[in-house]
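Please look over the chain shown here. The report below goes from the overall fold to single residues.

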Amino acid sequence: MALESSPSKQFIMGERKPLIDLKLENPDLFRNSAYVNGEWIAAKSGKTFEIIDPGTNKPFAICPDMSVEDVDAVVQAAGDAFVTYRTYTPLARSLLLSKWDALIRENKEDIARILVHETGKPLAEARGEIDYATGFTRWFAGEAERIQGTTYPAAIPGRRIFTLKQPIGVVAALVPWNFPVAMILRKASAAFAAGCTMVAKPSPETPLTALTLAYLAEKAGYPRGVFNILPTTLQNTPALSEALCKHPIVKKVSFTGSTRVGKILSAHCADGLKKLTLELGGNCPVLVFDDANLEQACEEPAASRVTGESTDCVLPALIPLKFRHAGQACITANRVYVQRGVYDKFAALLTGKTLALRVGHGLEEGVTMGALTVPQGLDKVARQVEDAKKNGAEVLTGGNRMQINDGKGFFFEPTIVGNANHSMLIASEETFGPLLALFPFETEDEAVKAANNTSMGLASYCFTKNIDRIWRLFENLEAGMIGLNTGNMSSAESPFGGIKDSGYGKESGKDIAINEYLITKTGTLSLE
Ligand code: NAD
């Protein structure tokens, strides 16, 4: 969570000190200046802002508050860097990404600690996020060498038609606070593999991990101006983002965040006809049928297993998908539709597993669910619980704010409500918090209609052993990604993205994601 900006006496340029001891093995990883054109700088205004630990509600770092007046210089720097970086061979770009990837993996523990302080998530989840995120650096190091044009047979004799892929130019990346390492790396890895340069604006709550990544990019050998980071407050965000989107040197905007902000940015990009990728909100349904393996369905809607080679990801693997990062994931389960025949059994099983979660500060031993990152999240969950109760839902577990760390941290009980129906807010609003609603259903048709009855279309999940039904659901559920007997489907090699109000464009996956950062030039040659 970030406070409003103010002139600060505590911030001295070049003095890289957190306000608390972060216990980093390598203190150099802590960076609290903006990173522009290979230099660590302050805001032109001299203003700064505090970064708050959501588990304690106390500031632990100070950052420069960049504003609209800082935008032109950084975009110019990224534009100048593009002139050179675009000429790097695919092999050179691949090797740079591999070096960056190795440095991030080497410093995983320290990055994870900063991530816990920024977001509130448990340390094991933070490690898992870095494993997931380095999937992108590794994958796109490979993709850099697989960018290919094509040749086409021409209808006219003596003609040859061929295509060439080229980097689109300077990219503006705007990312949310829930997975700040993964969201930056998902965009930057693809952009750098393609030969683009980038100006990234992290969320006001989570600028520090972005700055650490920039420091490691510099160590990996990225030339100045290829990667630039502008920390800023929520106060300055709208004007700064508008200036970035409208700057003529910026050719592509990639945004991950809410549908509301996605629509605003889309309007900013319209006039300049900027290429745009929008990864927006979700309200993801899970369908559990009578014939499902209930243990798997529980553990799996349940269990967005973090991929990667690290064995210390055991903890996140056991946490229900819903409660990973306290429900603050875009593909988290929001609505679980359970067929009548197994409804009671499933509700009891899931409630039991949820009761086993231990809530607390992310750095405390044994904690399996941390704080919400922003206090507004507490109000939203509380409002949805009250609304569900008023409309006839039964609270199976949780339902209240938690008084942890003297009531200062942003903690809410892992909550399940049963017998939910579509008159409730939770049926139509993304929760983005630790609240899950169970909706009983009778038939497949009824469940599919209910699942699709939302403006969002990010991810849907289903659990059944019937293979015919699996195909029908894959075809009939309205979402960009469908988990079939799994809740774990986000990885570097699989295309990620939504439909409907969840946005457009894909990130990660073969060909499709890197193409978001490329233009296709067509050549027609006449041999006569
Ligand atoms: P948000 O839209 O409020 O913020 C995202 C970014 O936009 C932040 O950097 C924020 O500072 C900035 N922003 C806020 N107001 C702005 C404005 N008026 N103009 C320009 N920029 C502005 O979202 P959030 O609350 O940070 O993140 C949660 C949302 O992100 C959820 O809806 C979630 O589903 C979505 N999300 C989607 C994906 C995905 O891949 N589809 C992944 C993670 C999160």
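How many helices and strands does the secondary structure of the chain come to? The count is 15 helices and 25 strands. The model is a predicted one.

## Overall fold

The chain has 528 residues and a radius of gyration of 23 Å. A compact globule with 528 residues would have a value near 24 Å, so the chain agrees with that expectation. Along the principal axes, the C-alpha atoms fill a box of roughly 70 × 70 × 40 Å.

Buried residues make up 55% of the chain. Contacts were also sorted by distance along the sequence. Of those with a separation of 6 or more, 74% join residues 24 or more positions apart.

## Around the ligand

Which residues come nearest to the ligand? They are Gly257, Ser258, Glu279, Gly281 and Cys330, out of 26 residues around the ligand. Two elements give two or more residues to this shell: helix H7 (237-246) and helix H8 (259-270).

The shell residues divide by type into 14 nonpolar, 10 polar and 2 charged.

## Helix H11

Helix H11 covers residues 340-355, which is 16 residues. From its first C-alpha to its last, H11 reaches 23 Å. That is close to the 22 Å expected at 1.5 Å a residue.

Where does H11 bend? The bend is at Phe346, by about 30°. Phe346 is also one of the buried residues of H11.

## Trp139 in helix H4

Trp139 sits in helix H4 (residues 123-143). Is Trp139 buried or exposed? Trp139 has 24 other C-beta atoms within 10 Å, so it is buried; the cut-off for a buried residue is 20 or more.

Leaving out residues up to four places away in sequence, Trp139 touches Ala492 and Glu493. Arg186 is 47 residues from Trp139 in sequence. In space, the C-alpha atoms of Trp139 and Arg186 are 9.9 Å apart.

## Ala92 in helix H2

Ala92 belongs to helix H2 (residues 90-106). Ala92 counts as partly exposed because it has 14 C-beta neighbours inside 10 Å. Ala144 is 52 residues from Ala92 along the chain. The C-alpha atoms of Ala92 and Ala144 are separated by 9.0 Å.

## Two positive phi angles

Most residues other than glycine have a negative phi. Leu273 has a positive phi, near 50°, and is not a glycine. Asn419, also not a glycine, has a positive phi of about 50°.

Where are these two residues placed? Leu273 is in the loop between H8 and strand E12 (275-279). H8 is also one of the elements that give two or more residues to the ligand shell. Asn419 is in the loop between strand E18 (415-418) and helix H13 (425-428).

Their surroundings were counted too. Leu273 has 8 other C-beta atoms within 10 Å, so Leu273 is exposed. Asn419 has 16 C-beta neighbours inside 10 Å and therefore counts as partly exposed.

Definitions and conventions
Residues are numbered from 1 along each chain as its sequence is written. This is a predicted model: local features need pLDDT of at least 70, side-chain atom pairs count only at pLDDT 80 or more; totals for chains, interfaces and linings use all residues. Helices (H or I, at least four residues) and strands (E, at least two) are DSSP runs, numbered from the N terminus. The expected span of a helix is 1.5 Å times one less than its number of residues. The bend at a residue is the angle between axes fitted to the seven residues ending there and the seven starting there. A residue is buried if 20 or more other C-beta atoms lie within 10 Å of its own, exposed if 12 or fewer, and partly exposed in between; C-beta atoms are placed from the backbone. A residue is near a molecule or strand if its C-beta atom, placed from the backbone, lies within 6 Å of it. Ala, Val, Leu, Ile, Met, Phe, Trp, Tyr, Cys and Pro count as nonpolar, Asp, Glu, Lys and Arg as charged, and the others, Gly among them, as polar. The radius of gyration is taken over C-alpha atoms; the globule rule is 2.2 Å times the number of residues to the power 0.38. Two residues are in contact if their C-beta atoms, placed from the backbone, lie within 7 Å.
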